[in-house]
Amino acid sequence: MDFNVQFQGEASVLTLLEGRVSVISKASGGDDVLLAIPLADVLTVSASPDGAGKPSELAPRVWTPREFLFGSTEECVHACDCICASLKITNPTANNTTKRKILVLVNPFGGSGAGWSKWREAEPVFDLVSNETEVEVIETKSIGHAFRIGHDLKLEEVDAVVCVSGDGVMNEVLNGLLSRTDVSLPLTNITFGLIPAGTGNGFGRTFHCLDPVSAAFNICKGRTHSLDLIEVVFESKRYFCFLSFNWALISDVDFESETYRWLGSARLTVAAVMRILFLRCYTARLRFVEAVHADLPPPCTWNEVCAYCQKPSVEITEKTEEFTAPITVFGACNMAFLSQDANIGPFTHMSDGLIDVMMLKDVSRTHLFSLFTNMERSNTFIDNPNIIYKKVKEVTLEPQGDMKGCYGLDGERVAESGQPVTLRALKGAICVFVP
């Protein structure tokens with residue numbers, strides 16, 4: 001579809017071709033492309049009959065409005081309709097009777113207390129789609145508040161829940177929702193999103209969206225994908241986590257770093273150095289229901305076009321294995337990054353129905369420092385002979401001896417730490433916004 005337009009004072013042709021909005025100069029005979037914008041980078045379009053479009057409130061480096069002058073209002077509206085159809089969104093110029101309802105939870109205490117400042121950065125993006133989106137903002141007041149919000153949520157009144165926080169608030173909302181008798185998995189009628197404002201921000205780092213504007217863009221764009229959950233089962237209680245279940249060194253660092261919260265994300269590095277210097281080694285009995293692959297899958301693209309995640313089922317051979325071992329690090333991952341620089345699950349996928357378990361045996365302090373340095377750079381750290389890396393459907397962990405350690409679910413401590421626990425993968429259990 002081609003349209004005659006004026007772009008930056010030059011007679012041009014606007015065309016939709018191969019997933020791009022392109023502007024071609026007429027003077028060049030069709031050879032000079034003045035502008036080419038991937039549709040993936042377009043949030044919304046609007047027709048302004050008087051030519052007075054709303055200026056952007058966002059910095060040019062992250063948001064750039066483009067203006068095209070059409071010969072008539074009708075042609076302008078037609079162009080908007082065509083672009084919106086390609087974007088699979090409703091034309092914001094039209095009179096929409098049904099708006100998408102988003103509940104935004106802002107945690108003012110997470111990380112270095114930047115929840116509200118992060119929301120103020122993200123809010124102008126939501127304003128751009130206000131014609132089709134209704135936003136309600138609630139401040140979380142204390143630990144457990146987000147759980148109660150999830151538990152009491154009127155499902156028919158909300159299409160999406162977005163947390164401006166670290167990973168823990170989203171964990172609370174999920175567990176609040178899934179504690180209800182009227183909610184079952186897969187949970188497909190609500191989509192979850194996160195604007196990173198915490199310390200670790202593993203969810204944002206995995207999806208390559210650590211800045212508030214990029215995260216808000218993906219949420220407003222509305223692309224979604226199913227995401228597995230990990231079911232965490234104790235003898236008399238069960239929880240769910242979307243990021244990871246951690247034990248031993250990882251949990252020690254996470255919880256002991258609370259002392260250095262004023263350092264922001266640097267607190268994890270400081271606590272890791274301290275804990276490695278004064279290293280603890282735990283012992284556990286482990287039982288795996290392993291998915292045996294000929295080769296590990298390629299890393300997930302963490303967007304809507306990951307070919308591996310699109311498969312209806314992953315062909316695997318199951319193998320049960322049980323052993324007792326000394327363990328320094330234990331992470332059961334549903335997503336790649338636990339924090340901004342800890343990629344301990346490099347072969348996790350959004351919806352393969354498997355948990356990636358990474359364990360490190362009893363090693364020296366020098367080996368540990370080297371391991372964590374390599375983790376930041378590539379996924380080759382799993383070639384270390386002291387590392388056990390498995391993709392499993394289920395794993396049971398029973399700490400042995402007097403030193404039981406603490407369990408962390410998406411960075412949140414649970415009261416049942418030290419008890420035997422079984423982790424199960426739940427394929428495609430929830431929907432999340434993706435790039």
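**Entry 1. Starting point**

I looked up E231 and found that E231 is buried, at a relative accessible area of 11% (buried means under 20% relative accessible area, exposed over 50%, partly exposed in between, with a 1.4 Å probe and protein chains only). I note that this is a predicted model, in which local features need pLDDT of at least 70 and side-chain atom pairs count only at pLDDT 80 or more, while totals for chains, interfaces and linings use all residues. Residues are numbered from 1 along each chain as its sequence is written, and side-chain values use heavy atoms, with hydrogens and water left out.

**Entry 2. The salt bridges**

I searched the whole structure for salt bridges and got 13 (a salt bridge is a side-chain nitrogen of Lys or Arg within 4 Å of a carboxyl oxygen of Asp or Glu). Side chains of opposite charge can pair when their charged atoms come close.

Which residue meets E231 in a salt bridge? The partner is R238, at 2.7 Å from N to O. R238 is partly exposed, with 45% relative accessibility.

Next I took R287 and E394, whose side chains form a salt bridge at 3.6 Å, N to O. R287 sits in strand β13 (residues 282–292) and E394 in strand β16 (residues 387–400), so this pair ties together parts that are 107 residues apart in sequence. Helices (H or I, at least four residues) and strands (E, at least two) are DSSP runs, numbered from the N terminus. R287 is partly exposed, at 32%.

E394 also meets R424 in a salt bridge, at 3.2 Å from N to O. Here strand β19 (residues 421–433), which holds R424, is linked to strand β16, which holds E394; the two residues are 30 apart in the chain. R424 has a relative accessible area of 31% and is partly exposed.

**Entry 3. An open sheet**

In what order do the five strands of the open sheet run? I read the order as β4-β3-β2-β1-β5, with antiparallel pairing (two strands pair if DSSP finds at least two bridges between them). The edge strands, each pairing on one side only, are β4 (33–38) and β5 (69–70). Strand β3 (residues 20–25) pairs with β4 in the antiparallel sense over five bridges. V23 stands opposite L35 in β4. Helix α1 (residues 73–87) packs on the sheet, where it touches β1, β2 and β5, and its direction makes about 115° with that of β1. Contact means heavy atoms within 4.5 Å; axes are lines fitted to C-alpha atoms, for helices over the stretch in contact, and angles run from 0 to 180 degrees between N-to-C directions.

Why is helix α7 (residues 249–256) described as largely enclosed by the rest of the structure? Seven of the eight residues of α7 are buried, so the helix is largely enclosed. The buried ones are L249, I250, S251, D252, V253, D254 and F255.

I turned to the surface and found a nonpolar patch of V270, V273, M274, L277, F278 and F369, with about 500 Å² of accessible area together. Patches are made of residues with over 30% relative accessible area and no salt bridge; like charges are joined within 9 Å, nonpolar side chains (Val, Leu, Ile, Met, Phe, Trp, Tyr) within 5 Å. Accessible areas come from the Shrake-Rupley method with a 1.4 Å probe, and for residues only the protein chains shown count as cover. Helix α8 (residues 266–277) gives the most to this patch, with four residues. V270 lies in α8 and is partly exposed, at 31%.

I found a cis peptide bond between L185 and P186, with omega about 0°. P186 is in the loop between α4 (167–178) and β9 (187–196).

Q8 is not a glycine, yet its phi is positive, at about 55°. Q8 lies in the loop between β1 (2–7) and β2 (10–17) and is exposed, at 67%. N201, also not a glycine, has a positive phi near 55°. N201 is in the loop between β9 and α5 (202–206). Is N201 buried or exposed? At 6% relative accessibility, N201 is buried.

**Entry 4. N334**

Last, I looked up N334, in the loop between β14 (317–333) and β15 (355–361). N334 is buried, at 1% relative accessibility. Leaving aside neighbours within four places in sequence, N334 has contacts that include L227, D228, F242, W302 and H349. N334 and D352 are 18 residues apart in sequence and 9.7 Å apart in space, C-alpha to C-alpha.
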